[in-house]
Amino acid sequence: MNTWLHRCVWVVMLCMLPCLLLRAGDTIRLLCIGNSFSWDAVEQELVPLCNAVGQPIVVGNLYYGGCSLEQHFTFLQKDTTAYAFRYLTNDTTIRYSAYSLRQALTLHHWDYVSLQQASHDSGITSTYEPYLSALADSVLRYQPQATLCWMQTWSYAKDAKHPAFPRYGSSQRVMDDSIQVATRYVLRQHPNLHLVPCGEAVKQARQRLGDTLCRDGYHLNYTYGRYLASCVWMAFLSREQALQAGEKCVRDIRRNPYCNPEMTRREQRITQRIAYRLNKQ
């Protein structure tokens, strides 16, 4: 009986191998054309989440504070070395100053390239075009094989002192609704963009954890705020990798063992579950 049970366990484990182990050449290469919100979302917690499940990853984050779609496209047109470029792998982080968008796009082949709007413009649809279309087209000329992603930004805390908050009536609810409208607009205009729903995740997490996810009213806190955004990214990338490989089994973010040491287990469970629900295949 014991022998039979052991054999059944091994059969189950073998069936799960595509979800637990990696194929050769399975490194994920992600480039974020971003600002401080992409810094929050991918630089601190995404690599540890990947390390915890043996997922090789390369993350490039082009950082320019408060950078809008219009500004990104202007920098690309003029080949301006305006960015700080953070290049992260599973075991190293390299920081470059005076980096250009063209340099990042030609560094090597990227599997995923992420675009986003500046937080202050994130709910104002009139700020998106023609810059989003022009930027997306330019990215694909450099990286035609890449999956284009849209990183949805989040609303400010209710007591935020950000100078742009009055554009939304200094209302978190109005800003949330405006971001949702803008997100639908982006995906309707650009069906090739794949949504990374960080903004919706923050909105849902506030319902469970309170309006405590931001450290200064708009940037995510260094514990469960940043952890939540990286879990959304991890769940998104796992789903995309499975879809592209034609696999039915997706690595489940709820089973990722990594937890920021300053977080509680409750915060880990809540954030992981939100990321899972928003990225169900």
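Y131 touches L69 and E70, not counting residues up to four places away in sequence. Contact here means heavy atoms within 4.5 Å. The place of Y131 is in helix α6 (residues 131-142). Helices (H or I, at least four residues) and strands (E, at least two) are DSSP runs, numbered from the N terminus. At 23% relative accessibility, Y131 counts as partly exposed. Y83 is 48 residues from Y131 along the chain, and their C-alpha atoms are separated by 18 Å.

This is a predicted model, in which local features need pLDDT of at least 70 and side-chain atom pairs count only at pLDDT 80 or more, while totals for chains, interfaces and linings use all residues. Residues are numbered from 1 along each chain as its sequence is written, and side-chain values use heavy atoms, with hydrogens and water left out.

**The sheet**

How many strands form the open sheet, and in what order? There are 7, in the order β4-β3-β2-β1-β5-β6-β7, and the pairing is mixed. β4 and β7 (194-196) stand at the edges with a single partner strand each, so one side of each has no neighbour in the sheet. On average, neighbouring strands are turned by 20° against each other, direction ignored. Such angles run from 0 to 180 degrees between N-to-C directions, and axes are lines fitted to C-alpha atoms, for helices over the stretch in contact.

Two strands pair if DSSP finds at least two bridges between them.

| Strands | Bridges | Direction |
|---|---|---|
| β1 (residues 28-34) and β2 | 7 bridges | parallel |
| β2 and β3 (residues 83-88) | 5 bridges | antiparallel |
| β3 and β4 (residues 93-99) | 5 bridges | antiparallel |

Individual partners can be followed across these strands. L30 has V59 in β2 as its bridge partner. V59 in turn is bridged to L88 in β3. G60 stands opposite Y87 in β3. N61 has R86 in β3 as its partner, and R86 has R95 in β4. β3 and β4 form a hairpin, with 4 residues between them.

Are these strands enclosed or open? Strand β2 (residues 57-63) has 6 of its 7 residues buried, so the rest of the structure largely encloses it. β3 has 5 of its 6 residues buried, so it too is largely enclosed by the rest of the structure. In a regular strand the side chains alternate between the two faces of the sheet.

**R86**

R86 has its place in strand β3. Is R86 buried or exposed? At 11% relative accessibility, R86 counts as buried. Its side chain makes a polar contact with the side chain of E43, at 2.6 Å. A polar contact is a pair of N or O atoms within 3.5 Å; within protein, one must be able to donate a hydrogen and the other to accept it, and residues adjacent in sequence count only if both atoms are side-chain atoms. Leaving aside neighbours within four places in sequence, R86 is in contact with W39, E43, V59, G60, N61, Y63, I94 and R95.

α2 is mostly covered, with 7 of its 8 residues buried. The buried residues are S36, F37, S38, D40, A41, V42 and E43. What covers them includes β1, α3 (46-52), β2, β3, β6 and α9. N35 caps the N-terminal end of α2: a side-chain oxygen lies 2.9 Å from the backbone nitrogen of F37.

Helix α9 (residues 224-245) lies across β1, β2, β5 (112-115), β6 and β7. Its run is at about 150° to β7.

**A helix pair**

The axes of helix α8 (residues 198-209) and helix α10 (residues 265-278) come within 10 Å and cross at roughly 145°. On the α8 side, E200, A201, Q204, A205, R208 and L209 take part in the contact. They meet R266, E267, I270, T271, I274, R277 and L278 in α10. The residues of this contact divide into 6 nonpolar, 2 polar and 5 charged. Here Ala, Val, Leu, Ile, Met, Phe, Trp, Tyr, Cys and Pro count as nonpolar, Asp, Glu, Lys and Arg as charged, and the others, Gly among them, as polar.

How values were computed:
Buried means under 20% relative accessible area, exposed over 50%, partly exposed in between (1.4 Å probe, protein chains only).
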